[in-house]
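Welcome! Please take a look at the model below, and then we will walk through some of its parts together.

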Amino acid sequence: MDGMSLLTITVLAVFVGFEVVSKVSSTLHTPLMSGANAIHGIILVGAIIVAGQAADPLVLAVALLAVVLATANLVGGFVVTDRMLEMFRGRQRPPSNVAPTDSGAAGTAEAAVRERRP
Amino acid sequence: MTLLNPTWTALLYLAAAACFILALKGLNSPRTARRGNLIGAFGALLAVVTVFVSVKLDNIPWILGAIVVGSGVAAPVARRVQMTQMPQLVALFNGVGGGAAALVALLELSHTEEPWVRVAIVFTLLVGAVSFAGSGVTFAKLQGLMTTRPVTFPGLPVLMAVVLLAAVGAGVVVILSGSLALALVLLVLGLVTGILLVLPVGGADVPIVISLLNAFTGLAVAASGLVLGNVLLVVAGTLVGASGTILTRAMAAAMGRSVAGIMFGAFKGGSTAGSTAVSERPVRSSSAEDVAVLLGYAQRVIIVPGYGLAVAQGQHTAAELALALEARGIEVDFAIHPVAGRMPGHMNVLLAEANVPYESLKEMGDINSEFKTADVALVVGANDVVNPAAKTTSGSPIYGMPILEVADARQVVFLKRSMRPGFAGIENELLYEPQTTLLFGDAKDSLTKVLGAVKGL
């Protein structure tokens, strides 16, 4: 691809990036960081290309090191982000067939049935 | 094996890029975030498969082996890491990504004669190396392998300037000549720059450094995309660069300081100003039972957790206390300051792990107007983020930092280890106000006692 098209895409990507990321809730800033972190692990694609074209053993060794590092970044990043996001749970709605039984504020029944993991 | 034609390759990379954008977009809300992240992971998988079927590759068994090794090391670590150690892990993954980008650029140098491609190579080398070494130092600081205090020595600014000048010089020569030897020198200079950049940053400012280095790695990856002529790398790297930049600015704003001031503050020696003396003025300290009565007969309680809570591993107890209070019909929310924790948004993750529903995790901007309606603000292990000196004392090191307005609540309860000032070393006037009650002790022990007393009411 020619330089001008790449530059065009880069500039547009900057705007998309700012637009999308500025809407992220600050509650999720840590998953945002680790998710973005995982995304730059896609340098793996570059590392694979370089390793696949290496003729010299030394070059291959360095390229394979890059593959290992990039894979660690990519795989580890997505796994840990998923683990974090799994923990963000909303308040569980009370099932409709269980009415609040005894006295207490409206929040009581809801709080009581909120799902708790051990 | 026949290779995929360029049009299909470009389409698949485009699909992967769209997946990454959707992944970030999913983070708009905790409801869609997990699905978004899975879409992002699918995009990454798609891109990796695409490269295998679209480029003529030698050494495929070696490459697959390296991928297995990388996944085999990272996945178990990612699965087992404690949430309090998340900043270290993010720093580590960020560093290896930057290192990979620098290595790719180094190896591409012999494949090009184009000056503008060499410019991108030099940029990737330098920024990737800075990110690798800087993240390494950040990891060491967070993991407690070295001191978290700012490390400075006389002549550091001069050394930094010399190293940067040498790097620029080496970079120019690499662009003109394509010399591999000088590219290696540039790599080393980048590593030294990364170390010198992070050494003088104090522990409390680490969140900013992590997000800044994240942006750096993103930019390095984007530049490596220019080197390889790969659109996906350009788009992905740029997205990360944008997110890192926004987070860095958000963190700096939440601390009321400039990014430059944080990165270079220690050079001037002013970042740890303030008194560490323990005041002799009287405060009202109280028992766990009294605190339980205050909480148990309130209508609305806002809990303000600080990193002290996480250090004491008290998140689960705090969550249980919130549940016990809600069972009494009390409205309970958690007010989260943006810099609570060791990375942006860290406290939310720690509380989510303790099963606090995300609806109860309130951002500073949303909760500040609600302290007026709160009967009790319970401050656990936080100090500077509720210190009114940030608004009133113009000479204070934290002056200008947005704070949680706990002083507006009818009663303020501090769970504190001692009267020692917080990280910034600044006296908190709020501790001496008539509406303030203190309960001394380890955050988790205190919460456990208060929880027991609330249950016994």
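## Chain A

In chain A, 53% of the 118 residues count as buried, where buried means under 20% relative accessible area, exposed over 50% and partly exposed in between, using a 1.4 Å probe and protein chains only. This is a predicted model, in which local features need pLDDT of at least 70 and side-chain atom pairs count only at pLDDT 80 or more, while totals for chains, interfaces and linings use all residues. Side-chain values use heavy atoms, leaving out hydrogens and water, residues are numbered from 1 along each chain as its sequence is written, and chains are lettered from A and ligands numbered from 1 in the order in which they are written.

Chain A has five helices and zero strands, and its pattern along the sequence is α-α-α-α-α. Helices (H or I, at least four residues) and strands (E, at least two) are DSSP runs, numbered from the N terminus.

## Strand E1 of chain B

Is strand E1 of chain B, residues 300-305, enclosed or open? Six of its six residues are buried, so the strand is largely enclosed by the rest of the structure. Arg300(B), Ile302(B) and Val304(B) point one way from E1(B), while Val301(B), Ile303(B) and Pro305(B) point the other way.

Which strands pair with E1(B)? Strands pair if DSSP finds at least two bridges between them. E1(B) pairs with E2(B), residues 331-336, in the parallel sense over four bridges, and Arg300(B) stands opposite Glu331(B) there. Five bridges join E1(B) to E4(B), residues 376-380, and these two also run parallel; here Ile303(B) stands opposite Leu378(B).

## Helix H11 of chain B

Helix H11 of chain B covers residues 288-296, and its buried residues include Ala288(B), Val291(B), Ala292(B), Leu295(B) and Gly296(B). Seen down the axis of H11(B), the buried residues fall within an arc of 125°, so they line one face of the helix; the arc is that of the directions from the helix axis to the C-beta atoms. These buried residues pack against several elements of chain B, including E1 and E4.

## Helices H1 and H2 of chain B

The axes of H1(B), residues 6-26, and H2(B), residues 30-54, come within 7 Å and cross at roughly 160°. Axes are lines fitted to C-alpha atoms, for helices over the stretch in contact (heavy atoms within 4.5 Å), and angles run from 0 to 180 degrees between N-to-C directions.

Ala18(B) is found in helix H1 of chain B. This residue is partly exposed, with a relative accessible area of 37%.
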